[in-house]
Amino acid sequence: MVKHIIIWKIKDEYDDAKKEEIKLGVKTGLEGLAGQVPGLTEIKVQTEMLPTSNGDLMLDSTFESFEALKGYAVHPAHVDVADNKVRPFMASRSCVDFEI
């Protein structure tokens, strides 16, 4: 099993209302991939952060294998969400992948 964790920071140019809209779009889009991507066993997007956080969103996902994670990266459903609901709005991205 492989964990894939991402923390994003939304671009500062957006006001609070737009940031909430972005968070909802990311959460709905990524969590909607459950059951669509082979080898993806769990996916959750955390949108409510404590003030001590330096990120705005966190993806916590689990895959059957590293090969499944690589397949997820190029899966058309994931690419669509990433290109339309995630990448255009983010200032930064940090990622950690590890075996569990």
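Ala68 comes out as buried, because its relative accessibility is 10% (buried means under 20% relative accessible area, exposed over 50%, and partly exposed in between, using a 1.4 Å probe and protein chains only). The model is a predicted one, so local features need pLDDT of at least 70 and side-chain atom pairs count only at pLDDT 80 or more, while totals for chains, interfaces and linings use all residues. Residues are numbered from 1 along each chain as its sequence is written, and side-chain values use heavy atoms, with hydrogens and water left out.

Staying with Ala68, this residue sits in helix 2, which spans residues 66-74. Leaving aside residues up to four places away in sequence, Ala68 touches Pro38, Gly39 and Phe63, where a contact means heavy atoms within 4.5 Å. Pro38 is 30 residues away from Ala68 along the chain, yet their C-alpha atoms are separated by 6.7 Å.

Zooming out, the chain has three helices and four strands; these are DSSP runs, with helices being H or I of at least four residues and strands being E of at least two, numbered from the N terminus. Reading along the sequence gives the pattern β-α-β-β-α-α-β. Contacts that reach across the sequence are well represented: taking those between residues at least 6 apart, 67% join residues at least 24 apart.

As for overall dimensions, the radius of gyration is 13 Å, which agrees with the value near 13 Å for a compact globule of 100 residues. That radius is taken over C-alpha atoms, and the globule rule is 2.2 Å times the number of residues to the power 0.38. Along the principal axes, the C-alpha atoms fill a box of roughly 40 × 25 × 20 Å. Buried residues account for 39% of the 100 residues. The chain exposes about 5,900 Å², with carbon and sulfur atoms supplying 54% of that area; accessible areas come from the Shrake-Rupley method with a 1.4 Å probe, and for residues only the protein chains shown count as cover.

Next, the charges. The chain carries 12 positive and 17 negative side chains, and the centres of the two sets lie 2 Å apart. Here Lys and Arg count as positive and Asp and Glu as negative, with His and the chain ends not counted; each charge is placed at NZ of Lys, CZ of Arg, CG of Asp or CD of Glu. Searching the whole structure turns up six salt bridges, each being a side-chain nitrogen of Lys or Arg within 4 Å of a carboxyl oxygen of Asp or Glu.

Glu21 bridges to Lys18, with the closest N and O atoms 3.1 Å apart. Both residues lie in helix 1 (residues 16-31), three residues apart, or about one turn of the helix. Lys18 counts as partly exposed, since its relative accessibility is 27%.

Glu20 pairs with Lys23 in another salt bridge, and here the closest N and O atoms are 3.5 Å apart. About one helical turn separates Glu20 and Lys23, because they are three residues apart in helix 1. The two partners fall into separate accessibility classes: Glu20 is partly exposed at 41% relative accessibility, whereas Lys23 is buried, with a relative accessible area of 12%.

Lys27 and Glu31 also meet in a salt bridge, at 2.9 Å from N to O. This pair lies in helix 1 too, four residues apart, again about one turn of the helix. Lys27 is partly exposed at 23% relative accessibility, and Glu31 is partly exposed with a relative accessible area of 26%.
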